[in-house]
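Reader: I'd like to go through the aromatic rings in this one and hear the reasoning behind each label. Can we start from the structure itself?

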Amino acid sequence: IKKNQNQIVLFNQSINKVLQDSGFSIAQIRAVRDEAGNIEQLIVEKVNNAFESNFKINLYEVQGQKADYIFNLIFKTKFDLNKYVLLYSKQKKSHEFHAVVLERWFNIHLMQPDYNKFYIIFEDISKTKNKIAELEESKRRYKVLLEAIPDIFFVIDKDGTYEDFVIKESDLFKIEDANIIGSTIFEVGFPENMAEKIYSCIQTSIKTNSIETIEYQMNTPNGTFLFEMRLTKLNAHSVISIARDITKRKTAEFKLEKALIRAEESDKLKSAFLANLSHEIRTPMNVITNFSRILAESDLEPEEKLELSDAIAINGKQLLNMIDNTIHLSKIEAQTIEVVNRFCNINGLMRDAYNKYLILIPDSKKIKLNLKIDVPNKEFGFETDASILSEILSLLVDNAVKYTLKGEINLSYEMIRNEWVKFGVSDTGIGIPEIEFEHIFDRFYRVQNHINESTSGSGLGLAIVQHYVALLGGELEFESTPGKGSKFWFSLPFKNGKGFLAVVK
Ligand code: ADP
């Protein structure tokens, strides 16, 4: 027994030594109980070195005092030890305590080696607590910052799976389904080639640490939006994707670009007009003034007279055409052309055009002008803008006459089912080389050929025709073989048509 008692004494001594030297602030408490065993008072018996230095109080100041009194003194706030003792007897675990005045946090552990003996151990966790508070604060700051940036952020892993995102209230309407975490870029509605592109940018960004930029379009129930996506490496297996709505910027850029092109074109139009004035107008003017003087002054053979008057007529017509075309184009430029759709008698319009040109074809040219009417009914017609249609036909016949030396020119229309009326102007003229096909509708473009070398022209005719045909709801098409001839045609919708009944078999 003696030996055992010795061992217990040794054991207690070593425990006391550990407690005394521990870095934690420890107080030994004795419980005073009533007859029923309820705790009446808790008295401080001892405190260790750490307690003395951490709480700046000496053992002799605390020894034998009521625990509540001592702790209230130390923490300068109410500290209910009884509560912790009760909690401990039920839950056997530590509790956090915030010493507000001292601005410190403690984890309170209790040990009960005896029925009436407690150790209360104060673990100072202020550092950890402050660190957490700092982290919370910086997290909050980042959140505010991200909210203030008008971009949508995603974290995407290297396989293209969305891992996380920051999305603001205002973005929600742009993204149909914000629950995209876990989906891949191949499943969220990008066109396949777009998803492939994003995928390869993710790989490049991770591999080379670069910032990759992609522009893309997204259709949502609230309209089409344009986004610019920037991908930047987050770590070895994911990137941050920052999507910026650039719809407004792009629209503005587009408008600006269009305005610039228009400004450049009207500038070109002006310079071209001035250039034409000097050459293209002077040449026919000279012909007209000189030839009319010769015609008036000299005695000429009837054949020679005819030649001169033909030349005067041709050059006069060219001048008029050029002035007309310039006016047409400036109207197109200013967007002042109004399409007035009214019922239009087509046979009458075709005949007028035919009669007008019949007398304008110079006698020196051996050209036969034909009119082909598909529907003989006098009343035949439909709703369109008659003056624009006349202008189109007249420009096409002008060209046919200009670029044909002999043969025939056909002015025609035909019904296509009972839905379209197809107008055509064909000639047996010099034709157009295939390499010129893509240019002939360009403004101011003239093919280099022997006719254009000796005649003036604005290079505007076909550009105007193409624009006018589109205004009437058609599309200008053509085919041409050098040396054989050309055919230009377009179909207009047979809107509110009269005088034609389709034959139903
Ligand atoms: P322009 O006749 O004033 O040169 P256009 O715009 O009317 O300008 O025509 C552009 C070019 O297309 C002409 O220079 C001409 O070479 C070619 N072209 C147009 N119509 C015909 C046609 N019927 N036959 C042959 N070439 C044509």
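Reader: How many aromatic pairs does a search of the whole structure find?

Author: The search finds 30 aromatic pairs. Keep in mind that this is a predicted model.

Reader: What makes Phe79 and Tyr84 a stacked pair?

Author: Their ring centres are 5.2 Å apart, with 20° between the planes. Pairing needs centres within 6.5 Å, and stacked needs planes under 30 degrees apart, so both labels hold.

Reader: And are those two residues buried or exposed?

Author: Buried. Phe79 has a relative accessible area of 1% and Tyr84 has 6%. The cut-off for buried is under 20%, so each of them passes.

Reader: Which residues do ring pairs link into a cluster?

Author: Phe51, Phe55, Phe71, Phe75, Phe79, Tyr84, Phe97, Phe106 and Phe122.

Reader: How do you know that the charged end of Lys92 sits over the ring of Tyr88?

Author: It lies 4.9 Å from the ring centre. The distance limit is within 6 Å, and the charge must also be within 35 degrees of the ring normal. Likewise, the charged end of Lys498 sits over the ring of Phe343, 4.5 Å from its centre.

Key
Residues are numbered from 1 along each chain as its sequence is written. This is a predicted model: local features need pLDDT of at least 70, side-chain atom pairs count only at pLDDT 80 or more; totals for chains, interfaces and linings use all residues. Side-chain values use heavy atoms; hydrogens and water are left out. Rings of Phe, Tyr and Trp (its six-membered ring) pair if their centres lie within 6.5 Å; planes under 30 degrees apart count as stacked, over 60 as edge-to-face and the rest as tilted. Buried means under 20% relative accessible area, exposed over 50%, partly exposed in between (1.4 Å probe, protein chains only).
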